[in-house]
Amino acid sequence: MSKRIDVKDLNVYYGKFLAVEDVNINIEAKSVTAFIGPSGCGKSTFLRTLNRMHEVIPGARVEGEVLLDGDNLYGPGVDPVTVRSQIGMVFQRPNPFPTMSIRDNVLAGVKLNNQKMSKGEADALVERSLQGANLWNEVKDRLAKPGSGLSGGQQQRLCIARAIAVEPQVILMDEPCSALDPISTLAIEDLINDLKDQYTVVIVTHNMQQAARVSDRTAFFNIAGTGKPGKLIEVGDTHTIFSNPTQKATEDYVSGRFG
Amino acid sequence: MTTTSLTKSRGAGRAGDKVFSGAALAAGCLILAVLFGVALFLVVQAIPALVASPDKIQGGEGFFAYIWPIVIGTVIAAIIALVIATPVAIGVALFISHFAPRGLASGLGYVIDLLAAIPSVVYGAWGAAFLAKEISPAYDWLANNMGWLPIFQGPASATGKTILTAGIVLAVMVLPIITSLSREIFLQTPKLHEEAALALGATRWEMIKMAVLPFGRPGIVSAVMLGLGRALGETMAVALVLSSGALTASLIQSGNQTIAAEIALNFPEASGLKVSTLIAAGLVLFVITLGVNMIARWIISRHKEFSGAN
């Protein structure tokens, strides 16, 4: 239930503006890959090209290939809707649907596939997904209550439960802890550790300690200056990137001597 | 630091606060006073008609017998207008907010807003002189093919000046109100929720069902109620379009009347008790509109927990 991603010669544009230039990266299945780098270096933009969320923004487009186990996401005839149901996403700010109960939030993605599901199956899936997101014990007595009534950290785990309920191949996380307190952050990081047994996880983070804690491999993105495209500087085992990077820019960044 | 520096406050800032809260309070009180004044006027002026002996009221059977056919006529016309206008308005609003290319969207938005700027007497003239004539063949068809339904019972009006025509004209008039309000609401849907839906593998329409419509629901209800308010109170268009008469079930025969049009058509020549009767009719319209607004509030508050406002 997890696939690898290989990106070849990817250029990402907003209209005429080249935002991210010439990325080549291989993301292993059943592992956690972290993207780090300074603000505006294009790591979030690049992440959003991995499930074709980038093109939701008017004028945004992509050149190059993103291969999910060899299948090009940007190939002719590929439906972005299908891509997104295979590659789930968790956003920076927790975004459960405010008009839905906790239960309906978890089932939101599954119901899209128009499968008729018995109540028993749905209940089992809700429990399994919430268990998977380490949230079941906290919400099992109030599944019919609105998801927006939960704390920020719980909402974020609800969003993760919603993402894994559709059983994706890959889960993308765009700074999932940046709006959370340290305890909620720890809960999410523990969860990421559990998730990699089943899923390919890609996480964008501003927090280098977090990247060091949760990821197997780390990719460092950087930008030469305002208006210049972001670039992938180097990618490698997390331990290597943090202790013995090959590039000077990486070393400056991870040691805090940046800028 | 002494304690006085804490208790002393900047004079100018405080004065600004006081002026603002005073002005806000005055504005709030003024609204209440105007509303109360209108209500009081209606009640006081209506009392003679309400207490008069039945045979003195127009029709000779008392105020209730006089008012209920036109209450129902009013409601029928408003319902026709909303049934036609609401789906169209929501569709247009969604098209503008989520489907149309940006250039087309703003152009279409202006055109819709322009519809709201046309005076109601112009709509009335259009309905009476053009629409009624053009639509009467359709009424014939309805009478022939669906006449078994009481609402389409024939013979259809030859002039086309029926309550259905009036309802259609009203629909065109309330369309811009519902459309522009819904459009504003739809545009305010948080990007976050739209992206959440898309990232789960929703198509654009599924995203709209999942994020946009539930989020906009209270706004849509408000928009429809504002439209309903206009449809209930609209006077000139109905007065010009409708060839009024007694209450009939058939929508395609001439007949029926609305409160507002009844008042407008009869007030200039009324005197004495007749004036009171018409004002009492106005009071009834006032109460209906008030009731509609309260129901709307109730509908919106029922789902407060899930509104997204928290």
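Guide: Two residues are taken to be in contact if their C-beta atoms, placed from the backbone, lie within 7 Å. With that cut-off, and remembering throughout that this is a predicted model, we can begin with chain B, where 77% of the contacts between residues at least 6 apart in sequence join residues at least 24 apart. Chain B carries an average pLDDT of 88, with 94% of the residues scoring at least 70, while the predictor gives the complex an ipTM of 0.89 and a pTM of 0.82.

The secondary structure of chain B consists of 11 helices, with zero strands. As for the overall dimensions, the C-alpha trace of chain B spans about 85 × 55 × 35 Å along its principal axes, and its radius of gyration is 25 Å, whereas a compact globule of 310 residues would have one near 19 Å. Of those 310 residues in chain B, 39% are buried.

In soluble globular proteins, nonpolar side chains tend to be buried together.

Another element to follow in detail is helix α11 of chain B, which runs over residues 273-302. Its 30 residues reach 43 Å from the first C-alpha to the last, close to the 44 Å expected at 1.5 Å a residue. The buried residues of α11(B) include the run B:Ser276, B:Thr277, B:Leu278, B:Ile279, B:Ala280, B:Ala281, B:Gly282 and B:Leu283, and B:Leu285 is buried as well.

The contact between the chains takes 20 residues from chain B and 23 residues from chain A. On the side of chain B that touches chain A, α7 (191-199) and α8 (204-233) each supply at least two residues, and the largest share, six residues, comes from α7(B). By residue class, that side of chain B divides into 11 nonpolar, six polar and three charged residues.

The C-alpha atoms of chain A fill a box of roughly 55 × 45 × 30 Å along the principal axes, and its radius of gyration of 18 Å agrees with the value near 18 Å for a compact globule of 259 residues. Within chain A, 48% of the 259 residues count as buried, and residues 24 or more positions apart account for 70% of the contacts with a separation of 6 or more.

Some individual positions in chain A complete the comparison. A:Met173 has its place in strand β7, residues 170-174, and it counts as buried because 28 other C-beta atoms lie within 10 Å. Apart from neighbours within four places in sequence, A:Met173 is in contact with A:Val90 and with A:Val201, A:Val202, A:Ile203 and A:Val204. A:Cys41 sits in the loop between β3 (32-36) and α1 (43-49) of chain A, and is buried, with 25 other C-beta atoms within 10 Å. A:Cys41 and A:Leu232 are 191 residues apart in sequence, yet their C-alpha atoms are 9.0 Å apart in space.

Backbone torsions are the last point. Most residues other than glycine have a negative phi. A:Lys30, in the loop between β2 (17-27) and β3 of chain A, has a positive phi near 50° and is partly exposed, with 16 other C-beta atoms within 10 Å. A:Arg52, in the loop between α1 and β4 (60-68) of chain A, likewise has a positive phi, near 60°, but A:Arg52 counts as buried because it has 22 C-beta neighbours inside 10 Å.

Methods. Residues numbered from 1 in each chain as written. Chains lettered and ligands numbered in written order. Predicted model: local features only at pLDDT ≥ 70, side-chain atom pairs only at ≥ 80, totals over all residues. Helix = DSSP H or I, 4+ residues; strand = E, 2+ residues; numbered from the N terminus. Nonpolar A, V, L, I, M, F, W, Y, C, P; charged D, E, K, R; others polar. Rg over C-alpha atoms; globule rule 2.2 N^0.38 Å. Buried ≥ 20, exposed ≤ 12 C-beta atoms within 10 Å, placed from the backbone. pLDDT = per-residue confidence, 0-100. Expected span 1.5 Å × (residues − 1).
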